[in-house]
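These are my notebook entries on one protein chain. I looked up its overall dimensions and then its aromatic pairs.

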Amino acid sequence: MYHSKKTWIDKEVDPLKIDEIAEQVAVSKHVAHLLVQRGFDTAEQASAFLATDQLDFHDPFLFQDMNKVVARIQQAADAGEMILIYGDYDVDGVSSAAILWHALVEIGAMAECYIPNRFTEGYGPNEAAFRWAAEEGFSLIITVDCGISGIDEAVVLKELGVDLIITDHHEAKDVLPDAFAMIHPGVDPNYPYSKLAGAGVAFKVAHALLGRVPAELLDLAVLGTIADLVPLVGENRLLAAKGIEALNASERPGILALRKVCSLVEDELTEESVGFAFGPRINAAGRLDSAMPALEMLLADTLEEASLLAEQLDQQNKQRQDIVKKIAEEAIELVEQHYLSDRVLVVDAAHWNPGVVGIVASRLVEKYHRPVILLCHDAEKGTAKGSGRSIAAFDLFAELTVCSDILPHFGGHPAAAGMTLLSDDVALLRERLNAQAADLPDEAFIGTIEIDLRLNVSDISIGLIEEMGRLAPFGMGNPSPRVVVEGASIRDLKRIGRDLTHLKVLVTDGKTELDGIGFGFGDAVDEISSLADVSLMGSLNINEWNGFRKPQLMIQDLAVADVQLFDYRGGKKPLTDVFALPSEETTFVAFTKETQDKYAERHLNGPIRANIVFLDLPEEESAFLPYLKEAERIYCAFKDEGYYFETIPSREDFKHYFNYFAKCPREELRIGLVRLSKTRKWSKRSINFMHSVFSELDFLVTMEDGLPGVNPNAEKRDLTEAATYKRHEERQRLEQQYIYSSLAQLKERFDTLVEAAKQEEMTWSSNSI
């Protein structure tokens, strides 16, 4: 067996609706299945979802304050007022600021951008920055991707006589800031779609200001929409789909420079390009220092300027990756030492970089499937600042709201949040959150993943993958379809990558083959037998190389349902790997005294565990059974004892041996036996074997002179009645079946034994299987 990292959950789907959608929308049943799963269970809904090119953006003036916002901004532009765009330091905030800046410049406004420093100012509006803006002469401040939590700061700005327009999408508290106007899809009761990202909200403001859909800004809007992980359904789906088209056609210097540093100049850009290539590099600036270089890159007028900034972001991203790796290692060590029993993991340290703790928190959620908050202390201020990530059962924003008396500053979503609190209150926050999570069922902390389709290898084709691509762009709310490829036989299994940490597998169902790549799954090579039928879970794509196109599975998880067999027989492979198996998961079994003496330090034949290592063969097959009831992996390390290749003496040999004792003078017994063994070419083992058989049958007995002799009173019996004869035959059979058989034959044999063990068939004979 090989256990999946998460429990795979199949979504329930009405098969009648699948048939209906397949027929009426003219798609395959597999794609119809995906559409119904996503809630598009009528022909009209499914057709509308697929026809992205026919969708329209909502009227931006459906926002109840939009007329007010446009009038105030136009007034500022006409009067030459100075407008400050106040953003955030992540991809969404930076792209939002760039969108609004372009729109303001187009209408002739005097606009500047301000991105607060994560380390010195923190997230969202801050009083010092607002006071600075007033002193500098800014009479209008427009927040993008922030502001909804700035209640006190809004009061300060009003006292200073500066108008505040908030454009945001984050979770709102019960009390809203006292602003001149607010554009927030989650708060506004009139706007028909509530899940826009900050960039989407800024795009709507630009739409209203310009009096048209600003198609030239879609390549910026798509950055924040995808990177901020908002649901890619409704208007976000339109923004993402049209944005990706715009991104591929973009001549914006910042986008071209990003394509170059990401080695995506020739590639078609997709949502993955934004999520895994562009996004991390844009974010890197704000995670390590000021985010202004990222904004300057997006606003750059020349490719030369943009390229220099893109190179800087690329280097910062590499530095960020190293920092994340180190903090993750330290955080995991702290969890293992101190907090492993906690339901909510609140982990803190003095030296961590607050710009990357959110990434590390996500990794810990993935590892432990629990809400995680990572905090770093500022000894000078006496505060702790950090980020949290959560699981579906624990609304992080709501639970932090319960603790708002010790959280002077926090904000976010149900799944993610940022916060600042006194260092002295960290232990109290940990205590409270764990108490708040106490009533959650245990199942909430078991990692699960929803499966969209279960397929055979032969179901998968380029045509199917291309048809599934009609549901793209994929993201939150519309995930890339997760498929399970079931019961596939392994053709090839190997480690790949510079440090051999990744997995490449070739599987087949006897008709078709499929390649799979699993990043970070390299260790599975040592834990999955080449004979195993494996189930692979992941997403499908088309691998294009050297002009060839073929399906490929990007593995996210894998499992083997049956007991696995690993072959270490006859010293073909060193036993070092076997002896390196975790002791708490492994039972070493030795049946003979010789082997028990040899490996006495291994605590042999102990409690039965998942890994069973057989170091030698038993006398009887039934001796295997007690160890197989709970076995998940069987390691066969039998050594060759030579019985299989040793011929049992013939009846003619037995006759000569017996006659020798009947006729040979007593004084010549020993020397005569030597001569006879040379003549008959008997080995010492053959002589001992025949002697044991005759002795057990009472044909030979010890005489008065201490030497063997014929028993004149012996009853007639067959040679096969002797226990030694039977043991020899059984030993030959065991060696043939367990040492000299092929791996496939050995696997078949153990499969039968495992089944018998599970049925508790403890009475065993050589003919029972």
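Is Tyr-627 buried or exposed? I find that Tyr-627 counts as buried, at 14% relative accessibility; buried means under 20% relative accessible area and exposed over 50%, with partly exposed in between (1.4 Å probe, protein chains only).

Conventions. I note that this is a predicted model, in which local features need pLDDT of at least 70 and side-chain atom pairs count only at pLDDT 80 or more, while totals for chains, interfaces and linings use all residues. Residues are numbered from 1 along each chain as its sequence is written, and side-chain values use heavy atoms, leaving out hydrogens and water.

Overall form. I looked up the radius of gyration, taken over C-alpha atoms: the protein chain has 37 Å, whereas a compact globule of 769 residues would have one near 27 Å (the rule is 2.2 Å times the number of residues to the power 0.38). Along the principal axes, the C-alpha atoms fill a box of roughly 135 × 60 × 50 Å. I also record that 52% of the 769 residues count as buried.

Aromatic pairs. I found 34 aromatic pairs in the structure; rings of Phe, Tyr and Trp (its six-membered ring) pair if their centres lie within 6.5 Å, and planes under 30 degrees apart count as stacked, over 60 as edge-to-face and the rest as tilted. Tyr-568 and Tyr-635 have ring centres 6.3 Å apart and planes at 45°, so this pair is tilted. Tyr-568 is buried at 9%, and Tyr-635 is buried at 4%. For Phe-614 and Tyr-627, the centres lie 6.2 Å apart with planes at 85°, so the pair is edge-to-face. Phe-614 has a relative accessible area of 0%.
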